[in-house]
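I opened my notebook to look up charged pairs and surface patches. Here are the entries, in the order I made them.

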Amino acid sequence: MSKRIQNEATDGLFHAILSLQNMEECYTFFEDVCTINEIQSLSQRFEVAKLLREKKTYLEIAEKTGASTATISRVNRSLNYGNDGYDMVFRRMEENV
């Protein structure tokens, strides 16, 4: 767990997210909490991570998602040297298919 972001306010936000029960609730909450651009940035990074795991090239990913090479590189660094959060979520999503 990252101590860099862990604090009472972040704990509160994550507890709120964990209380969401379905996709509609997620849309309702995130549209109130985030700007459209923030939601789009998060979803773009998630899509980039998925495509990187599928061994797509930076060019293919940039064309498909519109992400900059800097964003793709940052996501790739998280996949390779991060806290394995992406892998944990992708694994769970695959288990629930």
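I began with Glu 47, which counts as partly exposed at 22% relative accessibility. For my own reference, buried means under 20% relative accessible area, exposed means over 50%, and partly exposed lies in between, with a 1.4 Å probe and protein chains only. I noted that this is a predicted model, where local features need pLDDT of at least 70, side-chain atom pairs count only at pLDDT 80 or more, and totals for chains, interfaces and linings use all residues. Residues are numbered from 1 along each chain as its sequence is written, and side-chain values use heavy atoms, with hydrogens and water left out.

Which residue does Glu 47 meet in a salt bridge? I found Lys 50, at 3.6 Å from N to O. I used the rule that a salt bridge is a side-chain nitrogen of Lys or Arg within 4 Å of a carboxyl oxygen of Asp or Glu. Side chains of opposite charge can pair when their charged atoms come close. Both Glu 47 and Lys 50 sit in helix 3 (residues 36-53), three residues apart, or about one turn of the helix. Helices here are DSSP runs of H or I with at least four residues, numbered from the N terminus. Lys 50 is partly exposed too, with a relative accessible area of 33%.

Next I turned to Arg 53. Its salt bridge with Asp 87 has the closest N and O atoms 3.3 Å apart. Arg 53 lies in helix 3 and Asp 87 in helix 6 (residues 85-95), so this pair ties together parts that are 34 residues apart in sequence. Arg 53 is partly exposed at 35% relative accessibility, and Asp 87 is partly exposed at 21%.

Arg 53 also forms a salt bridge with Glu 94, the closest N and O atoms being 3.5 Å apart. Glu 94 is in helix 6 and Arg 53 in helix 3, so the pair ties together parts that are 41 residues apart in sequence. I wrote down Arg 53, Asp 87 and Glu 94 as a network of salt bridges.

How many salt bridges does the rule give? My count came to three.

Last, I looked up Val 33, which is found in helix 2 (residues 23-33). Val 33 is partly exposed, with a relative accessible area of 43%.

Note on methods
Helices (H or I, at least four residues) and strands (E, at least two) are DSSP runs, numbered from the N terminus.
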